[in-house]
Amino acid sequence: MQRTDEQQGFISGILAKIKAGLLAHSCLDAKAGTGKSTTAVEFVDEYVKVFPSHNIMIVCFGKEASLDVGKKLKEHGHTNWLTVQASTIHAACFSTFSRLFNPKVDNKKVYNLINQQNDIVYQEHAANIAQLVHLAKIEGFGFFPDRQINDTSAWYWLINHYDINGFDDTTQTDDVVACAQFIYKASLAQTDVVDFDDMVLFPLVKNIKVKFQKDLIINDEAQDNGRTKTAMLRKFLKPTGTFIAIGDPDQAIFGFAGAQSDALQQLIDTFQMEIYPLTVCWRCSKAVIRRAQTLVPSIKHADDAIEGGDRTLTELPTKELTNKDAILCRNTAPLIDTAYKLLRAGIACKVEGREIGTNLLRMINRWKRVTTIDQFLKKLDDFREREVQKALAKGHDSKVEEINDRCETLVHIANVCIDRKQSDLSDMRKFVEDMFSDKVKEQGLLTLATYHRSKGREWTNTYLLDHAKRCPSKYARQAWQKEQERHLAYVAFTRAMDTINFVNTQ
């Protein structure tokens with residue numbers, strides 16, 4: 001494929017600066033579907049011609065993306081992974097300390113440490129403690145000056161910032177923080193076992209030297225960087241190296257998971273980056289791009305893009321659905337109801353996102369003495385009322401939606417089980433384990449996904465459930481919350497290659 005003027009401008013502009021000995025840190029502002037991975041690989045092609053002995057790393061967001069970029073690099077003749085490689089930040093970091101500790105990977109590490117404790121607080125609040133430790137690792141506790149392990153206020157900042165719920169009173173919160181501090185220290189001390197979070201944290205808090213620094217680092221999906229990831233990229237980069245951030249600020253949607261809401265802008269400011277645009281979308285039809293332009297005017301369709309479609313429907317056209325399509329929604333609960341109806345109609349489907357199921361299972365397992373669905377629903381109702389009141393009192397309106405969506409999802413699952421004449425809580429667990437999966441499309445099934453889970457994916461046609469009612473969320477009242485909702489809508493709009501369908505069922 002012939003390069004666009006934007007792609008060529010990005011490649012030649014940076015290389016010209018490097019050749020002239022000038023600062024060449026840059027940002028590629030790449031809109032949805034604009035071929036950023038291909039552009040990155042072609043930049044590497046040209047860079048290697050000038051600097052054949054330099055070490056290069058493309059840092060990808062997720063293993064799947066890393067494998068895809070790695071395959072493209074090999075197809076372009078970059079077969080020596082010692083000089084040119086694609087990697088996730090976790091894999092790159094793991095390699096820095098695995099030679100020192102020879103650890104085994106166990107993502108149940110924190111829970112195993114919690115289960116070794118005899119105190120009742122650990123038993124009753126295992127999920128809260130584990131969540132706090134997970135977030136503390138993402139935030140780099142023990143490395144950044146404002147995130148010290150013994151600083152109780154920093155842990156309370158975590159609770160408030162991420163709005164960790166489930167505490168009946170302040171005394172419980174104090175106890176949970178103390179337990180989280182203890183488990184965090186125990187986890188740092190255990191170097192023969194590491195979890196996913198440790199992979200990025202350990203090289204920072206243990207000040208492990210990076211053995212092979214890079215002359216060029218290309219950071220894909222940079223808008224989703226967290227503090228620890230950015231800090232590790234600094235360690236990997238040679239003092240004389242070039243840092244290129246590739247991302248789309250309009251697709252920054254993972255602040256709730258530890259990403260900095262302004263991560264891309266922080267990189268631009270810190271490294272004094274020149275910004276290069278990439279605006280021509282190769283994925284979407286003209287109709288889909290016209291819809292996306294209502295949110296992000298700078299995105300453009302390719303000259304040879306198909307016309308495609310933009311429809312509004314009153315119900316899902318079940319006879320039209322194929323395993324190349326996706327049903328998307330701002331919230332999880334409507335997807336469960338829709339999936340159950342599709343399954344009853346004989347349409348094989350699953351909800352994308354195994355970790356969503358994992359979080360639901362944590363709620364199902366929250367009350368140790370609860371064994372029936374009826375008991376669980378009563379506990380869930382009390383939990384929802386208490387946590388919604390607390391969130392409203394704090395002014396955390398967006399948290400209300402998260403609580404309601406999770407509880408409504410669990411109610412939908414409970415009702416499905418009751419409809420099947422099931423009454424035991426184990427039946428709910430089995431439903432969740434069967435319903436949620438990763439890479440549903442690749443399994444040959446119709447995909448249902450939240451807007452968050454749809455990011456980075458594409459389907460022939462998409463069906464957006466009750467979009468006008470649900471996005472923007474009615475709980476998004478502050479300016480930054482409304483901006484996040486715009487990002488979510490933009491992500492959802494740009495998943496369809498052919499036709500986008502708005503299904504207004506209510």
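Phe-10 and Tyr-276 are both buried, where buried stands for under 20% relative accessible area with a 1.4 Å probe and protein chains only. The model is predicted: local features need pLDDT of at least 70, side-chain atom pairs count only at pLDDT 80 or more, and totals for chains, interfaces and linings use all residues. Residues are numbered from 1 along each chain as its sequence is written, and side-chain values use heavy atoms, with hydrogens and water left out.

**Aromatic pairs**

A pair of aromatic rings is described by the distance of the centres and the angle of the planes. Rings of Phe, Tyr and Trp (its six-membered ring) pair if their centres lie within 6.5 Å; planes under 30 degrees apart are stacked, over 60 edge-to-face and the rest tilted. The whole structure holds 16 aromatic pairs. Two of them are edge-to-face, as listed here.

| Pair | Centre to centre | Angle between planes |
|---|---|---|
| Phe-10 and Tyr-276 | 5.7 Å | 80 degrees |
| Phe-141 and Trp-155 | 4.9 Å | 65 degrees |

Phe-10 lies in helix α1 (residues 5-19) and Tyr-276 in strand β8 (residues 274-278), so their pair ties together parts 266 residues apart in sequence. Helices (H or I, at least four residues) and strands (E, at least two) are DSSP runs numbered from the N terminus. Phe-10 and Tyr-276 also belong to one aromatic cluster with Phe-43, Tyr-47 and Phe-51.

In the second pair, Phe-141 is in the loop between α7 and α8 and Trp-155 is in helix α8, 14 residues apart. Phe-141 counts as buried because its relative accessibility is 0%. Trp-155 is buried as well, at 0% relative accessibility.

**Helices α7 and α8**

The axes of helix α7 (residues 126-138) and helix α8 (residues 152-161) are 10 Å apart, and the helices pack at an angle of about 105 degrees. Therefore α7 is roughly perpendicular to α8, a label for angles of 65 to 115 degrees. Leu-132, Val-133, Leu-135 and Ala-136 of α7 make the contact with Trp-155, Leu-158 and Ile-159 of α8, contact being heavy atoms within 4.5 Å. Seven of the contact residues are nonpolar, with no polar and no charged ones.

**Strands around β16**

Six of the seven residues of strand β16 (residues 459-465) are buried. Strand β12 (residues 326-329) runs parallel to β16 and is joined to it by three bridges; strands pair if DSSP finds at least two bridges between them. Leu-328 has Leu-464 of β16 as its bridge partner. Strand β17 (residues 496-503) also pairs with β16 in the parallel sense, over six bridges. There, Trp-459 has Ala-496 of β17 as its bridge partner.

Methods: Buried < 20%, exposed > 50% of the residue type's maximum accessible area, 1.4 Å probe, protein only. Axes fitted to C-alpha atoms, helices over the stretch in contact; angles between N-to-C directions. Parallel < 35°, antiparallel > 145°, perpendicular 65-115°, else oblique. Nonpolar A, V, L, I, M, F, W, Y, C, P; charged D, E, K, R; others polar.
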